[in-house]
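These are my notes from a first pass through one structure. I wrote down each thing I looked up, in the order I looked.

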Amino acid sequence: MKRWFIAWCHKMINNNLWYKNAVFYEISVRAFKDSDGDGRGDLRGLTEKLDYLQALGVDCIWIMPIYPSPLRDDGYDIADYYSVDPAYGSLDQLKVLIEAAHQRNIRIIMDLVLNHTSDANPWFQAARSDKNSPYRDYYVWSDTDQIYKDARIIFVDTERSNWTWDEQAGQYFWHRFYSTQPDLNFDNPRVQEEMLNVARFWLDLGIDGFRADAVPYLFEREGTNCENLPETHVYLKKLRSIMDEHYPGRILLCEANQWPEDVRPYFGDGDEFHMGFHFPIMPRIYMALKKGRFEDMEEIMRRTPPIPENCQWCTFLRNHDELTLEMVTEEERQWMWKEYAPEPNMKLNLGIRRRLAPLLDNDRRKIELANSLLFTLPGTPIIYYGDEIGMGDNLNLFDRNGVRTPMQWDDSTNGGFTSGTPFTEMVQGEYSCQKVNVAEQMKSPNSLLRTIQKMIALRKQYAAFGGSDMEWIETGNPAVSVYLRRHDDDVIIVFNNLSNAIQTVQIPAQYQMTGRDLFSNQSFSLEQQLELQPYSYYWFHK
């Protein structure tokens, strides 16, 4: 057995809480790097770019679905759970990627799509064609579309019902997302075991865990909204117990777009999910930047319940979906659309389909400030590929594809992404690869990329950022969010000026101390007052 692999196994066993102070990086393999000139990114291309991710400071890569798929939902419509789509490569190439990543102390998690399959999946094809097929009961069927009417429709722009009539089957089938994605029937023990086998298959290949997609919707019960049901937690605890017993050090990350108190049960007593996305804080970061006030962030963080010591929230600014506005009030949603999506094609479902840089007017100060919040609020940060260089979007593309365009590596044709014809249009204009790319920003010590790299390094250096403790500090100025992060004797006070004007804060006596600014590494004293430039930030270490 290779020496590095033995060392890796020891590290995994001895550091099962690695995710608490890690930095994650989300990648669309199809859009990251093409190695063979066919215009689509692939596993070999991603492997070639691991040195870049290591230099950036990434601890764990989350790769979007690479399973065989008709790609009606960018791979979240899975046709085969036990294989890699040939467009991305092979199982052997995935193993090479995993080994190469582990050699660089980078872990890899994959999407585990439990809730639904593609209608092209052989399970569904067998189910619709034969009522006596054992796969018929893999899905949820009904002679009427009038049950489970309390369940909301998630894709309101495209779907009018959670039921779709299937002519071949002679019944309706249930789906919480697109009508090409029939939901699996988790009341069937065979389905439950099948999906546990899927998890075992990929864990045995060496991946480090899963981002579990859309977990609130696994079960249906009449008279409920079919979300967050007790049966869901029973099943997920079973998955977790298998991982704890047979795959220690691997993690489960929960995608549940819910209020914090509704996500809290997914952590269980530290025996369900290791991590959970904190969806509600994300839109409130944008609200704070637009209003120039931190009260919305403070309210949701105070509302966030404590979680078990071995658990961690995940925070993010953007991802592969629309900027969801499900976890805001209707009034706040309308305000966010008005402020951040003034053109109709910027909206999607209950959200906004724009990338980070365009959302923040391509203003370097605002982009840095948003990242300051991302890296200092409680939770493990996840960066969406390309946001570290300020990539733009392409609103001419359908649905969410506008924020899933090819990574821009240099200023050559197609941005160094491919030597062939890209699978989709490259971004043009002020965000084109000629103006925004990795190579140019690597050369400049003051680039956005270098700043994000430094933020990552600083965050990982201090234990205070990895805990869940947070204390808001009242300074009498609503334009500046000031909070203390602590782990044992490690204390950091974070200042974020959310406004476009110079602001002064009053430092309470108990927080007046001598320390240093982590970015300049200069010592100074927090005295009675501190002045901050517009959209500026300080990370002050005691």
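**Entry 1: Asp111**

I started at Asp111, whose side chain makes a polar contact of 2.8 Å with the side chain of Tyr76. I note here that the model is a predicted one. A second polar contact, of 2.7 Å, runs between the side chains of Asp111 and Arg211. I placed Asp111 in strand S3. Is Asp111 buried or exposed? Asp111 is buried, and its relative accessible area is 0%.

I then listed what Asp111 touches, leaving out residues up to four places away in sequence. The list is Trp62, Ile63, Met64, Pro65, Tyr67, Tyr76, Arg211 and Asp213. I also checked Arg72, which is 39 residues from Asp111 in sequence; the C-alpha atoms of the two are 16 Å apart.

**Entry 2: salt bridges**

How many salt bridges does the structure hold? I found 37. I looked at three of them.

Arg211, from the first entry, forms a salt bridge with Asp213, at 2.7 Å from N to O. Both Arg211 and Asp213 are buried.

Next I took Asp321 and Arg404, whose closest N and O atoms are 3.2 Å apart in a salt bridge. This pair links distant parts of the chain, 83 residues apart. Asp321 sits in the loop between strand S10 (312–316) and strand S11 (323–324), and Arg404 in the loop between strand S14 (380–384) and helix H15 (438–443). I noted both Asp321 and Arg404 as buried.

I then looked for salt bridges that share partners, and found one network joining Arg30, Asp73, Asp74, Asp321, Glu322, Arg400 and Arg404.

**Entry 3: helix H7**

I checked the length of helix H7, residues 189–205. Its 17 residues at 1.5 Å a residue should span 24 Å, and the end C-alpha atoms are 25 Å apart, so the two values agree.

What caps the N-terminal end of H7? Asn188 does, with a side-chain oxygen 2.9 Å from the backbone nitrogen of Arg190. After H7 comes Gly206, which has a positive phi, near 115°.

I wrote down the buried residues of H7: Val191, Glu194, Met195, Leu196, Val198, Ala199, Trp202, Leu203 and Leu205. These pack against helix H5 (91–103), strand S3 (107–113), helix H6 (122–129), strand S7 (209–213) and helix H8 (230–246). Strand S3 is where I had already placed Asp111.

**Entry 4: strands**

I looked at an open sheet of 3 strands, ordered S4-S6-S5 and paired antiparallel. Which strands are at the edges? Strand S4 (141–142) and strand S5 (163–166) are, as each pairs on one side only. Between S5 and strand S6 (residues 171–174) I counted 4 bridges, in the antiparallel sense. Trp163 stands opposite Trp174 of S6.

I moved on to strand S19 (residues 514–517) and strand S20 (residues 522–525), which run antiparallel and are joined by 4 bridges. S19 and S20 form a hairpin with 4 residues between them. In the turn, Asn521 has a positive phi of about 60°. Gly515 has Phe524 as its bridge partner in S20.

**Entry 5: aromatic rings**

A search of the whole structure gave me 42 aromatic pairs. Trp18 and Phe24 are a stacked pair, because their planes are at 10°, with ring centres 5.9 Å apart. Both Trp18 and Phe24 are buried.

Phe524 came up again, this time paired with Tyr538. The ring centres are 6.0 Å apart and the planes at 50°, so I put this pair down as tilted. Phe524 lies in strand S20 and Tyr538 in strand S22 (residues 537–541), so the pair ties together parts that are 14 residues apart in sequence. Phe524 is partly exposed, at a relative accessible area of 23%, and Tyr538 is partly exposed too, at 26%.

Last, I noted a cluster linked by ring pairs: Tyr67, Tyr81, Tyr82, Trp123, Tyr135, Tyr138, Phe201 and Trp202. Tyr67 was already on my list of residues that Asp111 touches, and Trp202 was among the buried residues of H7.

How values were computed
Residues numbered from 1 in each chain as written. Predicted model: local features only at pLDDT ≥ 70, side-chain atom pairs only at ≥ 80, totals over all residues. Heavy atoms only, no water. Helix = DSSP H or I, 4+ residues; strand = E, 2+ residues; numbered from the N terminus. Expected span 1.5 Å × (residues − 1). Buried < 20%, exposed > 50% of the residue type's maximum accessible area, 1.4 Å probe, protein only. Contact = heavy atoms within 4.5 Å. Polar contact = N/O pair within 3.5 Å; in protein donor to acceptor, adjacent residues only side chain to side chain. Salt bridge = Lys/Arg side-chain N within 4 Å of Asp/Glu carboxyl O. Pairing = 2+ DSSP bridges. Phe/Tyr/Trp six-rings, centres within 6.5 Å; stacked < 30°, edge-to-face > 60°.
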